[in-house]
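Thanks for coming. Please have a look at the sequence and the model, and then I will go through a few places in them.

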Amino acid sequence: MKTRKSAGKKFQPYNTLIEQLAAHNIMGQNPENLPEILVLTTFPPRQCGIATYSQDLIKALNDHYVDSFSIKVCALETNKEQHSYDDPSVKYTLNTSEPSSYETLAKSINADENLKVVLIQHEFGLFHETVKDFNNFVDAVEKPLTVVFHTVLPNPNEEFKSNVQHILNRVDSLIVMTNNAADILVRDYIIDRDKIAVIPHGTHLVAHTDKNELKRKYGFEGRTVLSTFGLLSSGKSIETTLDALPKVIDKTPDTLFLIIGKTHPTVALNEGEAYRESLIAKINELGIQDNVQFINKYVDLQELLEYLQLTDIYVFSSKDPNQAVSGTFAYALSCGCPIISTPIPHAKEVLAGDTGMTFDFGNSEQLADAINTLLFDVERRTTMVLNGLHKIIHTAWENSAVGHAKLLEKTANGSIRLQYRNPDVNLQHIKNMTTDFGMLQFSRLNRPDIHSGYTIDDNARALIAMCQHYKSYRDQSVLPYISTYLNFIDFCQSNDGRFLNYVDYNRNFTDQNKNENLEDSSGRAMWALGYVVSLGKILPEGFGKKAEAMFQRSLPLTRNVYSTRAMAFTIKGLYYYNRGVIDADTMIYIKLFADRLVQMYRHESDEDWQWFEGYLTYANSVLPEALLLCYTITGNETYKEIAKESFDFLLSQTFDESSIQVISNRSWLVRGKSRGNYGEQPIDVAYTILALRKFHDIFKDEDYLNKMEMAFNWFLGNNRLHQVVYNPCTGGCFDGMEEQNVNLNQGAESTVSYLMARLTISKYFGNPNMTYFRRKQRAAKIAALRQMEF
């Protein structure tokens with residue numbers, strides 16, 4: 001390897017530089033030096049709801065962010081319940097039975113310069129032995145403090161209220177899990193509502209496996225399954241359901257009630273198995289042994305989620321009217337269970353609006369009637385499931401992670417900077433959406449809807465995305481999909497070269513083709529075909545030749561196209577075609593369309609509106625991107641200037657300092673009028689990312705890279721709702737962001753758009769553990785080292 005000398009400074013070979021980087025801790029953030037978050041909580045192997053909650057939350061935070069923080073745990077114990085911890089994140093233990101343990105921990109926290117914020121998972125029972133010492137500990141901690149109240153009791157007596165207010169007066173931020181809990185704090189504890197963040201109990205995104213398939217797996221085929229789960233204690237009031245079962249079995253003899261979970265360890269320690277034995281005695285007394293089954297173990301997560309997905313009705317029978325929230329209830333809802341529950345605050349809040357049913361505490365007659373009603377009303381159960389899923393999606397652990405991280409970032413007073421971790425590339429949902437004929441148009445949740453049929457729009461985009469994937473990874477398994485999408489476009493091309501867009505599931509062209517302008521669809525097909533031609537050297541030979549023939553058959557028809565987006569898509573096709581085939585006609589058509597765009601721009605733009613039309617609608621970024629591509633081929637500076645001017649104008653309308661908000665599909669932005677603020681589509685974010693990459697490649701402006709990362713993070717929760725739009729569980733992408741929630745369906749357009757965006761960013765920050773900012777930091781430090789004398 002060559003070295004060179006200049007001005008007396010010695011420059012190091014690259015491998016020597018790597019050693020220097022390591023010595024100077026410049027290879028990226030050392031985990032030991034990341035700002036630290038300390039979580040005070042019960043923690044596995046201790047078995048309790050809060051331990052599981054904290055483990056899931058910490059995993060979600062670590063999965064969702066990179067180079068942002070290091071999470072450590074202070075595990076809560078008592079004299080009666082102590083454990084050994086294998087998890088390296090457990091840094092301290094706190095024995096809540098021992099006052100001196102609080103003093104020791106407070107001193108350790110205050111002495112740790114790397115510790116930036118303390119997060120306490122608070123449940124009154126965890127600190128009941130030493131309330132005064134806990135209060136003193138809260139005062140002694142000198143770090144920013146966040147407390148999560150898992151229970152908020154209304155109408156407190158003066159002593160209880162005083163203890164709670166002691167905590168409230170000290171904390172820097174506060175989290176509760178329901179709006180009802182926040183209302184109680186404001187009303188009964190006199191705290192400013194602005195100090196309270198409502199972050200619901202997290203839930204798991206699930207793939208919604210077929211219910212009958214899961215019943216067969218677990219030996220419940222042909223049974224109508226009711227279930228409840230959680231660590232057993234008398235507070236679960238499971239006897240209420242047992243008393244209701246005879247009336248249910250009378251009408252549905254195949255009913256099976258699953259009681260999932262072992263006895264709560266603390267209960268077992270103090271009472272043994274007395275409660276479970278009382279339930280067994282009642283089962284025998286009622287003669288329902290064949291209709292009840294105990295799953296007497298601490299069920300692992302995957303198995304639990306499958307039990308819930310095979311459940312026909314989930315019963316939540318807690319008899320505690322002050323139970324603010326239930327993780328078991330939330331998990332059941334996220335698994336698509338119709339729920340019948342006692343009216344705890346969480347249930348009243350979430351089940352409103354035909355999302356579920358409630359019954360009075362301990363009222364077995366009401367419960368039996370509710371179960372029978374739902375068992376014989378399949379349509380209502382289906383409605384409840386869909387309503388429940390749309391309500392619960394914002395509580396996914398990924399969204400909980402975003403909510404916690406943003407609050408902790410603020411609480412830590414600038415010492416934490418959040419950087420999203422890019423998900424691994426996942427093709428599973430795209431493959432599931434693809435038949436032997438093409439990619440289906442829509443899905444219901446993550447289940448492909450065969451009746452939605454097919455479009456050339458979706459198959460053209462899928463063809464581009466899978467070709468991108470093959471270009472990056474040379475994964476032979478995607479070649480059959482590329483072939484399928486290419487064949488679908490061939491199917492949609494008439495002998496005269498025209499493209500039709502809509503095909504039903506019986507492979508017949510629909511009447512929509514007669515009633516809609518198909519120019520944009522044809523432009524997308526040309527873009528896809530041109531992209532295939534550009535990869536002719538790496539794809540199987542037949543692919544490129546077939547795409548080239550289709551491209552040439554349709555090209556003459558584009559001469560009469562004046563739709564801005566249709567011209568832009570066609571330009572993109574010509575740009576890529578030009579990479580693979582030398583053809584004089586390519587330049588003629590590129591200049592033709594570029595000049596039309598320039599003419600439109602000059603006609604519509606003014607000092608305050610630098611755009612090609614009097615409005616911003618959909619796929620806006622393809623217009624300046626296409627004009628920039630024309631510049632790269634022709635060298636025409638006018639194309640370059642207008643491309644940049646119009647693109648920067650578009651960015652000014654869709655970006656603020658930290659995030660993107662694309663033009664709403666509910667209300668286009670018309671010149672001189674205000675824009676709609678919801679109805680954002682993944683495709684517009686993806687097209688923006690594609691354009692940003694091209695503009696960066698030409699202009700070398702780092703602001704375009706900054707915006708590219710901001711835009712991609714829109715999928716990961718850096719958006720108006722702070723909710724994930726990409727579903728890492730399925731590999732699908734939700735269909736859009738509405739006023740309050742995302743649309744849970746994961747159709748072809750959104751899923752392929754996400755994949756195009758994910759593959760586009762790979763050149764700059766595609767490694768899951770490498771953000772653009774980290775690459776930028778490393779590059780700057782490498783440059784600095786090159787100037788150093790060693």
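Which residue just after α6 takes a positive phi? Isoleucine 190 does, at about 55°. A word on the basis: residues are numbered from 1 along each chain as its sequence is written, and side-chain values use heavy atoms, with hydrogens and water left out. This is a predicted model, where local features need pLDDT of at least 70, side-chain atom pairs count only at pLDDT 80 or more, and totals for chains, interfaces and linings use all residues.

Now α6 itself, residues 179-189. Helices here are DSSP runs of H or I with at least four residues, strands are runs of E with at least two, and both are numbered from the N terminus. Buried in α6 are Ala181, Ala182, Ile184, Leu185, Asp188 and Tyr189. They lie on the same side of α6, because they cover an arc of only 160° around the axis, taken from the directions from the helix axis to the C-beta atoms. Buried means under 20% relative accessible area, with exposed over 50% and partly exposed in between, using a 1.4 Å probe and protein chains only.

What do these buried residues pack against? Their partners are β7 (145-149), α5 (158-170), β8 (173-176) and β9 (196-198).

Strand β8 contains serine 173, which is buried at a relative accessible area of 3%. Beyond four places in sequence, serine 173 is in contact (heavy atoms within 4.5 Å) with Leu145, Thr146, Val147, Lys195, Leu407 and Thr411.

Last, leucine 650 sits in helix α26, residues 637-654. Leucine 650 is buried, at 4% relative accessibility.
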